[in-house]
Amino acid sequence: MGRGLLSGKVAVVTGAASGIGAAVVDRFLAEGARVIAVDLAGQGADRPGVLAITGDVADARTWRRIADTARSEFGRLDVLHGNASVVTRAPAHELAEADWDRQIAVNLTAAYLAVHACVGLLRETRGTIVLSSSVHALAGLPAHPAYAAAKGGLVSLGRQLAVEYGPEVRVNTVLPGPILTPAWDGIGEEDRRRSAAGTAAARFGRPEEVAAAVTFLACEESSYVTGACLVVDGGWSAVKDSA
Ligand SMILES: NC(=O)c1ccc[n+]([C@@H]2O[C@H](COP(=O)([O-])OP(=O)(O)OC[C@H]3O[C@@H](n4cnc5c(N)ncnc54)[C@H](O)[C@@H]3O)[C@@H](O)[C@H]2O)c1
């Protein structure tokens, strides 16, 4: 029941098989877009309006395939939502170097690879890029050194890209707070309760609520918004509990 906000547009969504990415795919489809949905092997499949690509966003070859597919199958690309993510929880002194490298590659370097491969297509359509950062870019939380560094890097990179590729391409970043997705599987009940209670909204966010913000940034409704960060965290970053 969309309003046709992305009617006729072609969008790439990464991390499309789960959580926020899956909700963004659903919302983009509802708004009239056709979607190239990117995820790792065995996750995600074609369905009406969706062309699934299996690949690792940290691999430049995946991005060349995505750009080639956009060109050959649709003749255009209008929206790029970089959303795939991986997190390994450990304090810096216990985090293996390979896990540091992998988190930087998937969460940050992938955005560079995306632009490297796709910005030509996006310039042709005066398209938009929406990057998924996190409130981890704003506040330190235990056991997330590489994830936080990558998400902080995305905030700077988003601004940089907006300057670099404006006025043709708008680039914005969303910073979700606690959103109930499979990423929370395996996180204990007490940690979940604390995260939800730490928001002004007093609850977890839903993937659809982030998808709404991504859709706003992806479409013409945000035509004068670029280089911006949109925090979607139920007020988590506004709360300072001094009790
Ligand atoms: N859920 C939250 O509370 C929360 C909070 C802040 C930020 N975020 C951010 O929002 C985005 C989506 O989070 P989510 O909770 O929906 O995650 P999720 O774990 O539910 O889904 C992530 C998806 O990314 C895919 N993926 C992982 N590595 C990949 C790779 N190398 N190449 C291609 N696909 C890959 C996974 O297969 C999975 O389908 C992420 O960028 C995350 O950092 C989420």
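How many bridges join β1 to β2? Five bridges join these two strands, which run parallel. Everything in the views below belongs to a predicted model, in which local features need pLDDT of at least 70, side-chain atom pairs count only at pLDDT 80 or more, and totals for chains, interfaces and linings use all residues. Residues are numbered from 1 along each chain as its sequence is written.

**View 1. An open sheet of seven strands has the order β3-β2-β1-β4-β5-β6-β7.** Pairing in this sheet is parallel; two strands pair if DSSP finds at least two bridges between them. Strands (E, at least two residues) and helices (H or I, at least four) are DSSP runs, numbered from the N terminus. At the edges you will find β3 (50-54) and β7 (229-232), each pairing on one side only. On average, neighbouring strands are turned by 15° against each other, direction ignored. Such angles run from 0 to 180 degrees between N-to-C directions, with axes as lines fitted to C-alpha atoms, for helices over the stretch in contact.

**View 2. β2 is largely enclosed by the rest of the structure, because six of its six residues are buried.** Here a residue is buried if 20 or more other C-beta atoms lie within 10 Å of its own, exposed if 12 or fewer, and partly exposed in between, with C-beta atoms placed from the backbone. In a regular strand the side chains alternate between the two faces of the sheet. R34, I36 and V38 point one way from β2, while V35, A37 and D39 point the other way. A37 is the bridge partner of V13. From β1 the chain crosses through α1 to β2, and this β-α-β crossover is right-handed: with the strands pointing away from the viewer, the path from the first strand over the helix to the second runs clockwise. β2 also runs parallel to β3, joined by five bridges, and V35 stands opposite V50 in β3.

**View 3. S134 sits in the loop between β5 and α4.** With 27 C-beta neighbours inside 10 Å, S134 counts as buried. Leaving aside neighbours within four places in sequence, S134 is in contact with K151, L175 and P176, where contact means C-beta atoms, placed from the backbone, within 7 Å. The C-alpha atoms of S134 and G152 are separated by 8.0 Å, though these residues are 18 apart along the chain. L175 has V231 in β7 as its bridge partner.

View 4. The peptide bond from G166 to P167 is cis, with omega near 0°, and P167 lies in the loop between α4 (145-165) and β6 (170-176). A143, in the loop between β5 (128-132) and α4, has a phi near 70°, a positive value in a residue other than glycine. A143 is partly exposed, with 14 other C-beta atoms within 10 Å. A202, in the loop between α5 (189-197) and α6 (207-218), has a positive phi near 60°. A202 is exposed, with 11 other C-beta atoms within 10 Å.

Technical notes
Two residues are in contact if their C-beta atoms, placed from the backbone, lie within 7 Å.
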